[in-house]
Each structure stands twice: as structure tokens, then as C-alpha cells.
Amino acid sequence: MKVAILGAMPEEIEPLLSALRERGVSVEAVEHANNKFYAAKLNGHDLVIAYSKIGKVNSALTATVMIEKFGARALIFTGVAGALKRGIKIGEILYATSLVQHDLDITAFGHPHGFVPGSKISVQTDARLNSIAQSVAEQLGITLKSGVIASGDQFVSGEERKSWIERMFDASAVEMEGASVAQVCDALGVPFCVLRAISDEAGHKAEFDFDEFMVKSAQTSANFVLKMIERL
Ligand code: ADE
């Protein structure tokens, strides 16, 4: 089966590409749609790996290309997120049970916040992929958290917006790509999951924590996803 591994930023997929090259796996880059898609083979699975660049449109485009052009039949998102709920700490890994678009607002027409026209508010992730994530966490002896992930075209760095998103969607973490990828995968019938390691707490001065912890957290998530591939 061909599996897509998608990140948003170079730092989120470079640890994967280096790990593959270190194992002697050949990694070939193909250019398409103003982006690079890396093809490799691991554990009998063909992989297509890319970073989309930040934001919901970039990630929707990249997920669509991975599925429609490169033939991915499952998709794993790896990257970092800001924590919304108390008790979720920088460096911890969380998988999305479902994803919502916190900035999609047609409430003026009587729809609830986050309602996606022609669709629904939240998209659920794949139970099988999530259970593989749980077994990897057990194998590594680490705590794997889970919850709703809220996505929007906004870096959240303030208490007011942070607590609004948390309350409105009962969300555990916030980022800028997962829910658009979820919508694409849902529409195209491709099972997917979203793994995120926490880089900041999305509140006052989150940008400083992000700058300090993003690379390490991105690596934590990428290493975890590599272990998942070994169990697919
Ligand atoms: N990704 C990581 N931290 C984030 C934040 N605070 N807001 C949006 N996306 C993020």
C-alpha cells in the first residue's frame, strides 16, 4: 500500500528523510505543483513524503496531489501544535480523534462555528491508524494523548483566542493544516491520522516557545511516525 506522510514545514519531514537515508533507503524527489514529493520504500510500503508549507490551502493541495497523482491510500500527518487544554505539555505527542476548522465562520447565515458547507463540522480520524499509534506509544513507554485538533489560518498566541477555540470545539490542540487535510481525505475515502508533538501553549508569547521547541517537537513526531510505518 502506498502511504503518504505529510508535514507542513521542512523541519517536520527532514528527520524522516534523514532517517531513511541513514538506513540506506533510496529517496527520490519528484517536482509537481510548486512542491517536492519524496518517494521511498520502507517495510514493503511505498511512501510519498512532502511538506506542504503552512496553512489550510497548502495542506489541502498537497494532500490531494499525494492521493490523486501519487496514489496514496493512507495518509499520516506529522508535525507540531499548540496546546489548548491544561495538562498537555510541550514535547508531548497527541493524536487527533477528530478535526475542526476553527476559523470557518458562516454563523451570519445561522450555521454553527466551523460548519463546512456541504459537509459537517468535524471529521474523524481512522481508528486503525490511531490504534497503531497507541501500540507504538506502549512500545516506547510514552504517554500518548488524544483529542480534538482545531485548525485555522492563524498562529494562535493569545489567551482570548486560545480559550475561545478550546471552549467552542472542546479542542485539545491548535495548528494550521490538519482539518483541511482531513476534509480532503474524507472526501476521497482515504484513511488518515494526525500526529502532533506540542511546541507551545498557544497563549501569550507562544511564538517564543515555538521558536525554541519547534525543531525538537517536530523531530519527536517524525520519529514516532517512522515507528508507525514499521507496524503498518
Ligand atoms: N502550530 C504550533 N503552534 C501553533 C499555534 N500556537 N497556533 C497555530 N499553529 C501552531
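**Aromatic pairs**

I looked for aromatic pairs and found that the structure holds 3. I counted rings of Phe, Tyr and Trp (its six-membered ring) as paired if their centres lie within 6.5 Å, with planes under 30 degrees apart stacked, over 60 edge-to-face and the rest tilted. I note that this is a predicted model, in which local features need pLDDT of at least 70 and side-chain atom pairs count only at pLDDT 80 or more, while totals for chains, interfaces and linings use all residues. Residues are numbered from 1 along each chain as its sequence is written, and side-chain values use heavy atoms, with hydrogens and water left out.

I took Phe155 and Phe210 next: their ring centres are 5.4 Å apart and their planes stand at 80°, so the pair is edge-to-face. This pair links distant parts of the chain, 55 residues apart, with Phe155 in the loop between β8 (144–151) and α4 and Phe210 in helix α6. Helices (H or I, at least four residues) and strands (E, at least two) are DSSP runs, numbered from the N terminus.

Phe155 has a relative accessible area of 35% and is partly exposed, whereas Phe210 counts as buried at 18%. Buried means under 20% relative accessible area, exposed over 50%, and partly exposed in between (1.4 Å probe, protein chains only).

Trp164 and Phe169 form an edge-to-face pair too, at 5.9 Å centre to centre and 80° between the planes. I read Trp164 as partly exposed at 21% and Phe169 as buried at 10%.

**Ligand**

I listed the shell around the ligand: 13 residues surround it, and the closest are Gly82, Phe155, Val156, Glu175 and Asp200. By class I have 8 nonpolar, 3 polar and 2 charged residues. Here Ala, Val, Leu, Ile, Met, Phe, Trp, Tyr, Cys and Pro count as nonpolar, Asp, Glu, Lys and Arg as charged, and the others, Gly among them, as polar.

I then looked up polar contacts (pairs of N or O atoms within 3.5 Å). A polar side-chain atom of Asp200 lies 2.6 Å from a nitrogen atom of the ligand. A backbone N or O atom of Val156 is 2.9 Å from a ligand nitrogen, and a polar backbone atom of Gly82 is 3.2 Å from one. Taken alone the ligand exposes 260 Å², of which the protein buries 96%; areas come from the Shrake-Rupley method with a 1.4 Å probe.

Which elements give two or more residues to the shell? I find β5 (74–83), β9 (171–175) and β10 (192–200). β5 gives the most, with 3 residues.

Asp170 has phi near 50° and is found in the loop between α4 (159–169) and β9. Ala202, with phi of about 60°, is in the loop between β10 and α6 (206–231). I get 0% relative accessibility for Ala202, which counts as buried.

In helix α5 (residues 178–188) I noted Gly178, Ala179, Ser180, Val181, Ala182, Val184 and Cys185 as buried. Gly189 follows α5 and has a positive phi near 70°.

**Record**

I found that an unreviewed UniProt entry annotates residues 2–230 as "domain: Nucleoside phosphorylase". Such annotations may be inferred rather than shown by experiment. I computed the span as 38% helix and 31% strand, with its end C-alpha atoms 14 Å apart.

Key. A residue is near a molecule or strand if one of its heavy atoms lies within 4 Å of it. A polar contact is a pair of N or O atoms within 3.5 Å; within protein, one must be able to donate a hydrogen and the other to accept it, and residues adjacent in sequence count only if both atoms are side-chain atoms.
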